Amino acid sequence: MLFLVDVAIFAVIAVFIGFFLSDRYNLAVQSYVVQFVLSLFCLFTMRLLCGVYRSVLRYGDAECFAKFLLADGIALIFNIILEKYLPIPHVSYAHLVVFICLTSYWSQVVRLLYQYSFSNRDNKSLLGKLLNKASYLCSGDVKAENQVPKTPVAIIGAGRVAVSLVNELLNNPFTPYAPTCFVDLKNSRAGRRIFGLPVLPDEDASLARIKALNTYEVILAKAQLEDAQRKELYQRFLNAGFKLKTYSAPLIENVGDKPAIKQVAVEDVLFRKPIEMKDQKSDVYYKDKVVLITGGGGSIGSELCRQLAKKGPKQIIVLDIYENGAYDVQQELKFAYGSALNLRVEIASINNERSMRRVFEEYRPQIVINAAAHKHVPLMETNCIEAIENNVIGTKVLIELCEEYNVERFMMVSTDKAVNPTNVMGATKRMCELMTLSASAYGKVKYSVTRFGNVLGSAGSVVPLFKRQIENGGPITITDKRIIRYFMTIPEAAQLVLLSGALASNGELFVLDMGQPVKIYDLAQTLIHLSGATGIKIVETGLRPGEKLYEELLVKTEELDKTENDLIFIERDKPLPREVVEEKFRILQEACLTESDDAAREALHKVIDTFRSPEKVNQDAEKKHILSDMTRSDGAKS
């Protein structure tokens, strides 16, 4: 079709020039027909040889037009040489140049108009409609009126990533977005236009200009942003009433990734870059090993299974008392790896010594990762005996079986709530830490403990609760607006556990630099904004039993050792003698036999020296201004 259009343009100009030549040189009709046949031959031969008609016109770029000009330039030179030496009536070189240039000019005008009409298919002006109709007749593409409805969006950024996104949006008739403007974060292009769209400066006044364009959604398309700047942008646009999305552009280092516009993920509320702790040492360490993961059907346990499966283990044993979670991860990994992954599932409780002995006897694990625990703070306050039996006695069973069956390494998954605990759950996990570290001093197995904060999106965390409350129309319930917590994502937590296990020699207690803590109230507000919901209220219900306003990651913050990974530290926590830990365990075991939760709680207070009441801790925090210090934005580390 394009070839025929070019021939038509050539013919029209040839007729026009023909009248002029016949009058100027008094040439017969046959003579100037010979001249135009020669020009036709030279021009279209070179265009075909240079591949001008192989390009898809709607996606034509500078290379296409450069190729077109090169072909016509060579054709002009070829035409002049042939015209000079062939036995035909001659014309001046100037007239040949004018003829070829006019033909080339109007052919390129047609191409530019076509591209413009294709890129502005929603243009409702008379020119837009005419060009749209013409491009439809030429290409047979779907008309603009038959396309999907488009949502106006502003593009935050005016660099390579943003321009790439807008180019894709303009050239894809089926995309649901129609860009209306750019916002230049560097202000180096403000006031100019890209693809005909205005580039606005990065200032508050631009918010009103964006809304004036009937635009209430923005897409963040900026590859490199500091965490503080990203946070400021999120808050500014969300507070102004815009829906926010992000664009992940295809990068050289991620060839397999597809560009995607997505809602801002809940992980983005951390306002820090995702922590990548992949390490070759970790991959080598777990290769060809038999690994037992207790609590393997839970949030952390299942992610451990996913990441371990990539490291080429000899066998993975998923052990959990909750069969539905274990079944889900089994089916997921079977679908992903098929028979290439040796996966076994065992339904058992870690405090059932008989069942656990059977598992150790059958599989002979080389590495044991203990991610099984009762972790819900309020529930454990009223189920103290169960918390001790599952968390403490279960860990004791695992430690003894690891020694008996010559396991290479035992890795204990702990929590920041074990630091100066104010609740039963935290106290039981601190007891697990003490037992594990003590075993490192007398046992044959290599032991380590990994401690991290709250995990976003895990079962029992605030995020799934807040999401359900938003879906039901609110309100969102929080216990206290002042509460602050350290957060990490599920993949980050699993990476930390696996890498710290590979780094451990024996007896280490690993902690992660998790950046600045997050206010639960701010988290709730952000989730409301991201959901696009309106009228959702946030209601305080009062602190729950055992809950404190802030969490700590370290027992003694001045005693830290660095590892070869800048984000992982080791707390120097001296192991207690075996007989001391055995006595503490005996006290807890006897308290459980009384079948009294109060007696079990008193026993926990007795054996865990740092176990204090939450009321006292919260009062001290307010007096010492700990909360205000921890939420300062001066970049102070925990």
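User: Why is threonine 436 called buried?

Analyst: Its relative accessible area is 0%, and buried means under 20% relative accessible area, with exposed set at over 50% and partly exposed in between (1.4 Å probe, protein chains only), so threonine 436 falls in the buried class. The model is a predicted one, in which local features need pLDDT of at least 70 and side-chain atom pairs count only at pLDDT 80 or more, while totals for chains, interfaces and linings use all residues. Residues are numbered from 1 along each chain as its sequence is written, and side-chain values use heavy atoms, leaving out hydrogens and water.

User: Where is threonine 436 found, and which residues does threonine 436 touch?

Analyst: Threonine 436 is found in helix 15 (residues 424–442), where a helix is a DSSP run of H or I with at least four residues and a strand a run of E with at least two, both numbered from the N terminus. Not counting residues up to four places away in sequence, threonine 436 touches Thr395, Ile399, Phe410, Met412, Tyr447, Ser448 and Val449, contact meaning heavy atoms within 4.5 Å.

User: Which residues touch the most other members of the largest nonpolar core?

Analyst: They are Phe360 and Phe410, in a core of 56 residues, a nonpolar core being a set of buried Ala, Val, Leu, Ile, Met, Phe, Trp, Tyr and Cys residues joined through side-chain atoms within 4.5 Å. Helix 14 (residues 384–404) gives the largest share of this core, eleven residues. Apart from this core lies another, of 35 residues, among them Ile300, Ala493, Leu498 and Phe510.

User: What makes phenylalanine 3 and phenylalanine 44 an aromatic pair?

Analyst: Rings of Phe, Tyr and Trp (its six-membered ring) pair if their centres lie within 6.5 Å, and planes under 30 degrees apart count as stacked, over 60 as edge-to-face and the rest as tilted. By this rule the count comes to seven aromatic pairs. Phenylalanine 3 and phenylalanine 44 stand at 5.3 Å centre to centre with 70° between the planes, and their pair is edge-to-face. The pair links distant parts of the chain, 41 residues apart, with phenylalanine 3 in helix 1 (residues 2–24) and phenylalanine 44 in helix 2 (residues 29–49).

User: How are phenylalanine 3 and phenylalanine 44 classed, and why?

Analyst: Phenylalanine 3 counts as partly exposed because its relative accessibility is 34%, whereas phenylalanine 44 counts as buried because its relative accessibility is 5%. Phenylalanine 237 and phenylalanine 242 form another edge-to-face pair, at 5.8 Å and 70°, and both are buried.

User: What lies over the face of phenylalanine 44?

Analyst: Arginine 47 does, at 5.2 Å from the ring centre, and a charge sits over a ring if NZ of Lys or CZ of Arg is within 6 Å of the ring centre and within 35 degrees of the ring normal. Lysine 396 likewise lies over the face of phenylalanine 585, at 5.4 Å from the ring centre.

User: Why do strand 10 and strand 21 stand at the edges of their sheet?

Analyst: Nine strands form an open sheet of mixed pairing in the order 10-9-8-11-12-13-18-22-21, two strands being paired if DSSP finds at least two bridges between them. Strand 10 (343–347) and strand 21 (560–562) each have a single partner strand, so one side of each is left without a neighbour in the sheet. Within the sheet, strand 11 (residues 367–370) and strand 12 (residues 409–415) pair in the parallel sense over four bridges.
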